[in-house]
Amino acid sequence: MSKQAPILPPKLPLRFLRWFCSPELLEDVEGDINELFGQRAQQNQNKAKRLFYWDVLLLFRPGIVRSLNIFKGQNNNVMFKNYFKIAMRNALRYKGYTALNLLGLIVGIVSSMLVLLWVSDEQNVDKFHAQGDAIYQVLRNMKQSNGQVSTGTSIPKPLGDLVAAEYSEVTEVTQLSWLMNMSLERANETMEEGGRFASPSFLSMFSFKLLDGNKETALSEPNNILISRAVAEKLFGSNWQSEALGEVIKVDGQFEQQITGVFEDVGNDSTIDFDWLIPAQAYFTANKWVEDWGNGAFETYLLIPDQTKIQAVSNRILMEIKDHTKGNPNAGDEELMLQQFTNRYLYSKFENGAVAGGRIDYVRIMAVVAVFMLLVACINFMNLTTARSSRRSKEIGLRKVMGAPKKSIRIQFFFEAMMLSAVAMALSVAIVMLILPLFNVLVDKTLTLDFLSMNTWYFMLGLTFVVGFLSGSYPAILLPTFSVVQSIKGGVRKQSSFAVYFRKGLVVFQFAISTLLIIGTAVVYKQIDYVLNKDLGMNKDNLLAVSIEGDLAGRLDTYKSELLRLPQVTAVSGASGNPLNYGRSTSSANWEGKSPADGYEINILLTDEDFIETSGMQIVQGRDFDSQLQDSTNFLINEVAAELMGFDDPIGKKLSFWGIDGQIAGVVKNFHMRDLYQPIAPLIITCIDPSMSSVVLVRTDENATDALAAVQGVTKELNPAEDFEYVYIDQEYAESYSNERTMRTLANIFALVSIFISSLGLLGLASYSAEQRSKEIGVRKVHGASIGQVLVLLSKDYSKLILMAFILAVPIGYYFTSDWLAKFEFRTHLDPLVFIIACGIVFGVGILTVVSKSYQAASINPVKSLKEE
Amino acid sequence: MGKQSIGEFEEVILLTVAVLYENAYGISIKQDIEERLQRKVSVGAMRTALSRLEKKGFLESEFGEATAIRGGKRKRFYKVTPYGKKALESVMETRKKLWEAIPNVAFDFKFA
């Protein structure tokens, strides 16, 4: 045995031991386990090795592991420890300033974080589809004879078929209907849900999550239906997972559809929303009109995996509709284009057939606002720190005497700024989490801070760093330049003129931003106010639109007369839609003197004889419908249509559409069928067939709740099977501007926040200069200056700065607000009063801050300030 | 007992160091405890106890000769200091006092 080569213990654990073991113990410990290993190895080598590992592992314990000495031996770290200590002491010594500084930073960070959360949420819409970047939606640009181009999404069905069959670059084509409301019925459970008809490829092209059923086959048979989880839970209760699949439900009161799938509820992050899906084939078979190239049908989506082929596809598809509708007298002049699906949420506004913005405008504005808020907060920090720098001059001087180079002093101030910004960040995150629910209500979203996502951490770390760097940069550059002798001798009384100007410049900049935000807010506020209160050409107050469901459709006359018997109801009329949000057009209208080459899209509103009275519109020429006369072929047109048709006196002129010949009986004053971003479109109002109405407009008296209850009673009585569905026209109208109203609220808040932060900064600066000049004030008072004179003296400088900020802010504000207003076809004029008021507010708040701080200094007994030495 | 308290395992080690007298180093202590008291001792547990005792001043140590069996590493021999002896005595003393204070009947289990 002794002749064998000595068995050596395993290397790996030994190396581990040498790494962790404290040096004074290592030799002895290593010897011990070596000896032990030798003894054990004589009996069983493998066991000895195993035990050796085990021993080393057991040695890894406090008392044997060497102490962590990262901080030992490196001079830098000692210095950092010192910076930390000094920073803490300074922060605690001047608690007021620290609080001011932190408060400014926190408010800035919190508001910019909230805005950035909102921005990133906006950018996430429609981004969850795995193939999203390769999906393109086909859009059609229809040229009107008046030179305008209207962009639409309803594409003739044959186009989709053609592309699927002949375009090799396009691997999949999906046709998808608009959102339709239909009743879903199972046993005794009925509900009205919005859903869509979709091609079988819909589920594979888009990444909507299927909880139950087979993606490949779920939409293959016309009698299939997929329902959302919410609908499944309503129809089948909590056991839907085992019960729903394969069941048959009745759709629209007539079609038996078999459930082939259940999908996860579509969230807010999708522009395509639906609670059920039925194969498009079912719709196509029932509606033969879709087979015509002349009729716009479903939305059409193309999957083009090869990005380099996009241009080729765009070029080829451009004229497809026009080429296939040659010879059709009603065919318009139109072109097709593609829009990347992921862009459609943010870029949804088209002008002259090209993208002209959309929500992206808001996203950009908000992102800029967020950056501004941060800037204002950082400037605050810089100003306060540099203004207070003379407090630190002795320290800096001493450091220099002890041999500190400029670089290390610079590092010190960066370090301090980073520290404060980290503290502010931590507090901000806590505050954001607290107020996020409130903010969500405000912007109607479900934003969350997702701590599991790395991006959140990158974002927070990045923001801490950026804020720290920005706010620390100026002090870090300025402070090390103080001369040693001066700073030790008694503080730097006179700062360099550059430093003073720079600080003043920052104040100007800060207040310019605040003024700008307030101007913006005021203009947005005025415009929204204008929109909500504009005379729309009809009376939208106390006007109820009840949807016609189920049995009601056939009993419209009874329903109307029943409603009219209610004391609260003053007028009732059927209509084919909400007159303030209406779009149903034809290009088949013809009138006397129309050149056959001209194509016009003209809206058709189907109503009955009481429409004008009920809606409160005005007849400007001719007469209203008259129930005594046979008016089914007499039409009303609006002023825009009258102008378009070019009649001097339109009354009695011949007019035809949809193959119905008639004449013009009257001209109705323009009313806004669309939002105020768009011009008023030409319109024909007809009472040709009241049974085609989809809503009943009910004009009630002032007592809205009472009236609503009464109307509901009558509706329920006549139509017990269906829910009573209604909207108030004015509420619906206000609702359609919810984006603008959200913007208004946000702009309000941010204007307040920015002026708050700016005033914080001003407060700090003012109290500092009051302190610096306390002797001067004392002397002045001894010589008979009044408090008022001292106040004027102290606030004069700052008023100049604020006035300069206005000179900067007003032109910029004018430029941007008039640009924004130009997007509205109908807009309020830019009132100079807006600018005056905005400046007044900023000036008032600013001066009030300075004066309140200066007053303390001015009212102090001069003996006190002069005695101090 | 003084300010420094002494644990049971520490006491065992201290006593064993005294027992082994001039041959008290890591492995010999470990093996002696294992043989005499029939209990398992890991190198790690013993090592921390030893350095703790040394820190408290109950033990002192010096290096001996390097030997091949230890891979050329020197042994560290331990010796009980007078302070350590005092600590041991005080432990024994308290035990003794407690034993003496026990009334006879307490351990008379015939009636139990």
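Before I turn to the two chains, let me say that axes here are lines fitted to C-alpha atoms, for helices over the stretch in contact, with angles running from 0 to 180 degrees between N-to-C directions, and that helices (H or I, at least four residues) and strands (E, at least two) are DSSP runs numbered from the N terminus. This is a predicted model, in which local features need pLDDT of at least 70 and side-chain atom pairs count only at pLDDT 80 or more, while totals for chains, interfaces and linings use all residues. Residues are numbered from 1 along each chain as its sequence is written, and chains are lettered from A and ligands numbered from 1 in the order in which they are written.

With contact meaning that C-beta atoms, placed from the backbone, lie within 7 Å, 16 residues of chain B touch 18 residues of chain A. On that side of chain B, helix 2 (26-37), helix 3 and strand 2 (74-80) each supply at least two residues, and the largest share, six residues, comes from helix 3.

The contact joins A:D55, A:L58 and A:L59 to B:V43, B:G44 and B:R47.

Finally, chain A carries a UniProt annotation, "transmembrane region", from an unreviewed entry, whose spans include residues 98-119 and 833-851; such annotations may be inferred rather than shown by experiment. Residues 98-119 are 100% helix, with end C-alpha atoms 31 Å apart, and residues 833-851 are also 100% helix, with ends 26 Å apart.

How values were computed. Two residues are in contact if their C-beta atoms, placed from the backbone, lie within 7 Å.
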